[in-house]
Amino acid sequence: MRAFADPFSNSPNGELTLRLPEGGIDPAWLARPLLELGLDGSQSSRALRVEMPPSGRWTSSEAAFLARCVTELAPCGVKGLPHELAKLLGLASTVQGARGIEEPVLPSGRYAAEAAAFLALLGEIVLYLPRFLAGRARMRRADVVEALAESSSRALPIVAITNLLMGAILAFVGAVQLNAFGAGIYVANLVGIASVRELTPILTAIVLAGRTGASFASRIATMQGNEEVDALTALGVRSAEFLVLPRVVALGLLMPLLYVYGCAFAVLGGMVTAGPILDLSVVAYAAQTKLAIGGVHFAIGGLKALVFGVLVALIGCHCGLRSPRSAAGVGSATTSAVVGSIVGVIALDAVFAVCANVLKI
Amino acid sequence: MSAAVSIDDVAVGYGSTPVQSGIDVRISQGEIFAVVGDSGSGKSTLLRTLIGLMPAQRGEILFDGATLEERMRHGRPPFGVLFQNGALWSSMTTLENVMLPMDLHGHATPAARPALARFKLALVGLAGAESRYPSSLSGGMRKRAALARALALDPTVLFLDEPSAGLDPLASRRLDELVLSLRDGLGITVVLVTHELESLYRIADRMLFLDGEAHRPVALGAPAELARSAASRKVRDFLSRAAP
């Protein structure tokens, strides 16, 4: 390993000398205090003479180190710098546009700002809702139809498949365990209650978070990058009303319907799996399912679906509106929307569970 | 008579840090007024503040004697905006793009809106392109379609953000001529942000030079006059790159 002597020394004439070694400086010098590099604190008021290496070559490391020395020892003046290097250091000392740069925001401040913006968006939607119900909201019918299609017909296959498989998996696990106790028929209760009350709303919401919520986020983030949102704002139209409200209403309306649709496939998945394993007839399984699922389960599941739908749409739109104005911003908005929606749905489900427990329903 | 746009001791910027301050200008009706400056000097920040996308840190902006909030309370915005990239709504046809502001603000009767929108498109030379989507238009056509949209609500002021950016010299010249024709034909006040000197000399009556290092305007006047006799050497150097 190469050994480096301290670069600072005293000249006989009383000047402080900075000798740059041939072959470049030790990169560690860039991060070390100058006082650790042979600079005596009392010398700092004297002139600084720079001795360039015999080859006369330098790289950006030497330039960066010299820029720091010049900045920290500025009052004493610098001698011996080649003209080209002095010009380069002059460029580095000119801070341009610094006043236009926003101060860095701490992560805690960023989260607080995001939360405040999300609550503001939620508040705006609540305020615009009566206008929407009265048919006076400023939005395009085509956008509402597009949001409805995005949230329904295009999501049907994936909602069906995931719920069918979820019902089948529950039935597999339940059939093996319950059959050991001679209670195989109760697999219908397990599948019915678990899917209607808990799993179908969550699973459907998660599927829609990855599909529709992400689509909302990427669409709005792209509009943000193309200044399309600014063009709306300049017309005096709030993006919450024109862009967010149709999507929230569409997903809020359709999630309960998708939930019912998903429940049917979950029960079907349980039926086609448990039937052959436990030798249960379709009629017996259906009758047991009917006995097991009450109106309360459907009410809780349906309410969850509605709330999750609104949440997924809101988070998707919020992430789109808050995205940076760049191509990368579209990607990060989409990721944030999916992650935020999944976490939000699970957290809200926990709140529902606590409330249901307190209310004993 | 009050100015079409009055900018009274305005400071603009992000957060609490001003990018430009001490902006004090009256823009007359029918004037073509350019905001010029080096990169990062705050031209677009000023434009975003003027059109209400950002709050002013200080001062007041009036449109024919009333603030934007007061104007909006009584209906539509007093201005149209041509954004740098056009900012056409990509899911709509050209005609729908021009009609949407009318729909949102209840401008004219629903039956008259398509005819009005077609007229605005014809004004900017886009007759026949009504059913085309923005993705199928060239850069110059997108700019002209966006200009037609900016005219949709018959504004008294047009804000143009770098109208020549990304256009070839011929398309840029055509756009300039179009802006001049609109000003002459409709009496519209035009405020444009630009760094295209040829365009500046061609159409601007007056200009304001924003100095990015001083963080304040350093020159106000006719471009040719400032190129000769501006007090700031920076302004003279900037303008002399393409003196008329």
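## Helix packing, sheets and the chain contact

Helix α5 (residues 156-179) and helix α6 (residues 187-225), both of chain A, pack with their axes 9 Å apart and at an angle of about 145°. The model is predicted. The crossing of α5(A) past α6(A) is right-handed. On the α5(A) side, the contact includes Ile158(A), Val159(A), Met166(A), Leu170(A) and Leu178(A). On the α6(A) side, Val187(A), Leu190(A), Leu199(A), Leu203(A) and Arg211(A) are among the residues met. By class, this contact has 14 nonpolar, seven polar and one charged residues.

Chain A is divided into domain 1 (8-95) and domain 2 (107-358). Their centres, taken over C-alpha atoms, are separated by 62 Å.

Chain A also holds an open sheet of four strands. The order is β1-β2-β3-β4, and the pairing is mixed. β1 (8-10) and β4 (78-79) of chain A stand at the edges with a single partner strand each, so one side of each has no neighbour in the sheet. β1(A) runs antiparallel to β2 (residues 16-19) of chain A, joined by three bridges. Within β2(A), Leu18(A) stands opposite Phe8(A).

In chain B, strand β8 (residues 189-193) is mostly covered, with five of its five residues buried. Thr189(B), Val191(B) and Val193(B) point one way from β8(B), while Val190(B) and Leu192(B) point the other way. β8(B) pairs with β3(B) and with β7(B). The table sets out the two pairings.

| Strand of chain B | Sense with β8(B) | Bridges |
|---|---|---|
| β3(B), residues 32-37 | parallel | four bridges |
| β7(B), residues 157-161 | parallel | five bridges |

Individual residues mark these pairings. Ile32(B) stands opposite Val190(B) in β8(B). Phe159(B) has Val191(B) in β8(B) as its bridge partner.

Helix α1 (residues 43-50) of chain B is largely enclosed by the rest of the structure, because seven of its eight residues are buried. The buried residues are Lys43(B), Thr45(B), Leu46(B), Leu47(B), Arg48(B), Thr49(B) and Leu50(B). Just after α1(B), Gly52(B) takes a positive phi of about 85°.

Last comes the contact of the two chains. Chain A gives 17 residues to the contact and chain B gives 23 residues. The side of chain A that touches chain B has seven charged, six polar and four nonpolar residues.

Technical notes. Residues numbered from 1 in each chain as written. Chains lettered and ligands numbered in written order. Predicted model: local features only at pLDDT ≥ 70, side-chain atom pairs only at ≥ 80, totals over all residues. Buried ≥ 20, exposed ≤ 12 C-beta atoms within 10 Å, placed from the backbone. Helix = DSSP H or I, 4+ residues; strand = E, 2+ residues; numbered from the N terminus. Contact = placed C-beta atoms within 7 Å. Nonpolar A, V, L, I, M, F, W, Y, C, P; charged D, E, K, R; others polar. Domains from an automatic or database assignment. Axes fitted to C-alpha atoms, helices over the stretch in contact; angles between N-to-C directions. Left-handed = near helix turned anticlockwise from the far one by under 90°. Pairing = 2+ DSSP bridges.
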